[in-house]
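Dear colleague,

Please find below the structure that I am handing over to you.

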Amino acid sequence: MRTSREVTLPLRVDRESPDPLPSQLLDQLRSLLANGVLRPGDVLPSSRALASHLGVSRGTVVTAYDQLIAEGWFDGAPGRSTLVNPRLHEVHRVPAAPAPDLRPDDMVLGKAD
């Protein structure tokens, strides 16, 4: 039997929120990805461990994980750990920064050369 690691991710759910629990979890996981808290190759807590930590059903966590796997953010398969996609930067490229000599007003379609 595998032992589950302690859940250390800063995640929580608000049962008073009108947003469904899987959506709350999705938003928070996306935020952790955007802020670099979760990085390519990081192993995520098991769905059972995270569900227990948050006091939600395992289905809530599985729904969020499955959505992020479908979008290419996470990588996982039945029977193995879910992790942040090691090739994340190939799947989700960071948009190129605008040229430094352009002003925000120049970014309107058709105005910038």
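With which residue does R80 form a salt bridge? The partner is D75, and the closest N and O atoms of the two are 3.2 Å apart. A salt bridge here is a side-chain nitrogen of Lys or Arg within 4 Å of a carboxyl oxygen of Asp or Glu.

Please note that this is a predicted model, in which local features need pLDDT of at least 70 and side-chain atom pairs count only at pLDDT 80 or more, while totals for chains, interfaces and linings use all residues. Residues are numbered from 1 along each chain as its sequence is written, and side-chain values use heavy atoms, with hydrogens and water left out.

The chain has four helices and two strands, in the order α-α-α-β-β-α from the N terminus on. Helices (H or I, at least four residues) and strands (E, at least two) are DSSP runs, numbered from the N terminus. Of the 113 residues in the chain, 30% are buried. Buried means under 20% relative accessible area, exposed over 50%, and partly exposed in between (1.4 Å probe, protein chains only).

The count of salt bridges comes to three. One of them joins R30 to E71, with the closest N and O atoms 2.6 Å apart. R30 lies in helix α1 and E71 in the loop between α3 and β1 (74-75), so this pair ties together parts that are 41 residues apart in sequence. R30 is partly exposed at 31% relative accessibility, and E71 is partly exposed at 26%. Another salt bridge is formed by the side chains of R87 and E90 (2.9 Å, N to O). R87 is exposed, with a relative accessible area of 54%, whereas E90 is partly exposed at 47%.

The largest nonpolar core has 24 residues, among which L11, L25, L29, L38, L50 and F74 touch the most other members. The elements that give two or more residues to this core are α1, α2 (47-54) and α3 (58-70); α1 gives the most, with six residues. A nonpolar core is a set of buried Ala, Val, Leu, Ile, Met, Phe, Trp, Tyr and Cys residues joined through side-chain atoms within 4.5 Å.

Finally, P20 is placed in the segment before α1 and is partly exposed, with a relative accessible area of 49%. P20 and T60 are 40 residues apart in sequence and 9.1 Å apart in space, C-alpha to C-alpha.

With kind regards
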